[in-house]
Amino acid sequence: MEHSKPSYYITTPIYYVNAKPHLGTAYCTVLADVQARFQRACGKDVKFLTGMDEHGEKVAEAAEKNGFDSPQAWCDSMEPAFRDLWETLEISNDDFIRTTQPRHIASVQKFLQALLDRGYIYKGSYDGWYCRPEETYFTETQVRHHEEDRVAAGESPADPAHPLCPDCDRPLERIEEESWFFKLSEFQQPLLDFYEAHPDFIQPETRKNEVISFVKGGLKDLSISRSTFDWGVPFPFDDKHVAYVWVDALINYLSAVGYGAEGDEAADSLAFRWPAQVHVVGKDIIRFHCVIWPALLMAAGLPLPERVFVHGFLTVRNEETGKAEKMSKSRGNAIAPEEVIDLLGVDAYRYYFMSDVAHGTDAPISWGRMRQVYNADLANSWGNLVSRTLNMSMKYFDGCSPVRPADLGGASPVRDACEGVFDRYAQAMEAMDYGTAASEVLAIVSAANHYIEDTAPWALAKDPEKAGELASVIWNLLEVIRIASELYDPFMPKISAEVRRRLALDPEPSRDLRNACEWGGLVGGQPVEKGEPLFPRLVD
């Protein structure tokens, strides 16, 4: 099959179904969505994948706890919670995968068979530490280091029979069971060599250093099956074992692009889409995606993804102390996505989390800061520019936009501000530095607001001899609005489409963003509409 555009394959993690999606889940998904929308605007053939992780002991326990007849019934009941929130948040995913789907089960079984055929798995017995809530195994070294860190921080030692999980601080348990093992230990040097040859594989840099340090500390073979319960993908060559939930989950990235399926269409999809351009993940699952997953792919003889972008956690700024605290129900500071949507609206929700949060580190959020960003960037700057300009255009030009001047509005500060804006914006967007990208757009919006004050169109309108100058000023302002609406589209798709509609332009975003940002694209002479305020100011 011929493909006219280059592929851009981006994924979120697939999310556990033991609870409804929370603010952090939504944050990760919007982060990936903004990139997917940007890449589409740059002419890429985008596949954006998200979905649900439905296997594992934790899911089976959640089903039983909530009174469901089967884990599958529980998973089916949770699907609308994810799909509905993603629809509300304008998530533009092209696929939604569930690990109970036949396409995924076939993919996992093919992958496991490939590992066996290539000599990278063997049967043995696992005896070690296991965190049931996290469904994660830990080595003696990891457990010891965690205990040492706790003692150094002045905390009392845990019960030696039940040391605490390095990830969640809950008691570990000792388990012993027959298991299939992946020869992860053989990939220590290949992984280190790969990181050196591909310095941009793990971003940001601090996360890469963390992974390299972990791998240099030594890798042990990994248990990749469970035999004490059956809620998982059965091994194709040993039906007493199901795939360890994390191995099962990681393979979803292949399942969605044809791996494990028969026929020419699946083969073409796999060849076109794989390797993925970027996996977007949280810092808590960095070792699975940056150590285990690349090692598994090496073992299976498959290419590795181009990049893993690791975001930090959202924390809540205590309004009284000013300190950032981990968000949790027990602290009483957990915030549901719906609460923020109720305050800001969907597009402003997306804008706040994408423009005001540093994505590579833990980032504090607060209701006060949300209101501040909303009012300053959206109500007072962007919304105000659109409202004032469209109002003047309607008032001074009989409900229309002025026709594009022959000299494209001549030399002006706003034209200067838009010079090179696409390159600056695109560089930041590619790096997922959305705060910088958004600031580039806000800069041209601010320049336009200053331009209104400096040129005083209301004064020009009183002098018939300055009609041409007035037309040039208003056209300049509308042209900035047109360009800004395209650049803001990945952040605020509905509002951006509404702005273009009010300008009598195609509401759909451009698929050639560089060209769309060239000065002079607004033909003008069309009816315009002021409409209701895009962002009514919030008051405390």
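Contact here means heavy atoms within 4.5 Å. The structure is a predicted model, in which local features need pLDDT of at least 70 and side-chain atom pairs count only at pLDDT 80 or more, while totals for chains, interfaces and linings use all residues. Residues are numbered from 1 along each chain as its sequence is written, and side-chain values use heavy atoms, with hydrogens and water left out.

By this criterion, Phe-535 touches Ala-348, Tyr-374, Leu-378, Ala-379, Trp-382, Gly-383, Met-492 and Ile-495, residues up to four places away in sequence being left out of the count. Phe-535 belongs to the largest nonpolar core, which has 110 residues. A nonpolar core is a set of buried Ala, Val, Leu, Ile, Met, Phe, Trp, Tyr and Cys residues joined through side-chain atoms within 4.5 Å; buried means under 20% relative accessible area, exposed over 50%, and partly exposed in between (1.4 Å probe, protein chains only). Along with Phe-535, the members of this core that touch the most other members are Ile-10, Leu-89, Phe-353 and Trp-382. Helix H19 (residues 467-488) supplies the largest share of the core, 13 residues. Another core, of 65 residues, lies apart from it and includes Leu-191, Val-211, Val-247 and Ala-249. Helices (H or I, at least four residues) and strands (E, at least two) are DSSP runs, numbered from the N terminus.

Aromatic rings were examined next. Rings of Phe, Tyr and Trp (its six-membered ring) pair if their centres lie within 6.5 Å; planes under 30 degrees apart count as stacked, over 60 as edge-to-face and the rest as tilted. The whole structure contains 27 such aromatic pairs. In one of them, Tyr-122 and Phe-181, the ring centres are 5.6 Å apart and the planes are at 15 degrees, so the pair is stacked. Tyr-122 lies in strand E4 (residues 121-131) and Phe-181 in strand E6 (residues 173-182), so the pair ties together parts that are 59 residues apart in sequence. Tyr-122 is partly exposed, with a relative accessible area of 31%, whereas Phe-181 is buried at 8%. The pair formed by Tyr-349 and Phe-353 is tilted, at 4.9 Å centre to centre and 50 degrees between the planes. Both of these residues lie in helix H13 (residues 346-355), 4 residues apart, about one turn of the helix, and both are buried.

One aromatic cluster is formed by Tyr-9, Phe-111, Tyr-253, Tyr-259, Trp-274 and Trp-293. The charged end of Lys-110 sits over the ring of Tyr-259, 4.7 Å from its centre. Lys-283 has its charged end over the ring of Phe-313, 4.7 Å from the centre of that ring. A charge sits over a ring if NZ of Lys or CZ of Arg is within 6 Å of the ring centre and within 35 degrees of the ring normal.

Strands of a sheet pair through backbone hydrogen bonds, either parallel or antiparallel. Two strands are taken as paired if DSSP finds at least two bridges between them. Strand E1 (residues 7-16) is mostly covered, 10 of its 10 residues being buried. E1 pairs with strand E2 (residues 45-53) in the parallel sense over 8 bridges, and Tyr-9 stands opposite Lys-47 in E2. Strand E14 (residues 314-317) pairs in the parallel sense with strand E16 (residues 363-365) over 3 bridges, where the bridge partner of Val-316 is Ile-365. E14 also pairs with strand E15 (residues 324-326), in the antiparallel sense over 3 bridges, with Thr-315 opposite Lys-326.

An open antiparallel sheet of 4 strands has the order E5-E4-E6-E8. E4 and E5 are joined over 3 bridges, and Cys-131 stands opposite Thr-136 in E5.

A further open antiparallel sheet has 3 strands in the order E9-E11-E10, with E9 (225-226) and E10 (234-235) at the edges. E9 and E11 pair over 2 bridges, and the bridge partner of Ser-225 in E11 is Ala-243. His-241 lies in E11 (residues 238-243) and is buried, with a relative accessible area of 0%. The side chains of His-241 and Ser-225 make a polar contact at 2.8 Å. A polar contact is a pair of N or O atoms within 3.5 Å; within protein, one must be able to donate a hydrogen and the other to accept it, and residues adjacent in sequence count only if both atoms are side-chain atoms. Beyond residues up to four places away in sequence, His-241 touches residues including Lys-123, Glu-178, Trp-180 and Phe-235.
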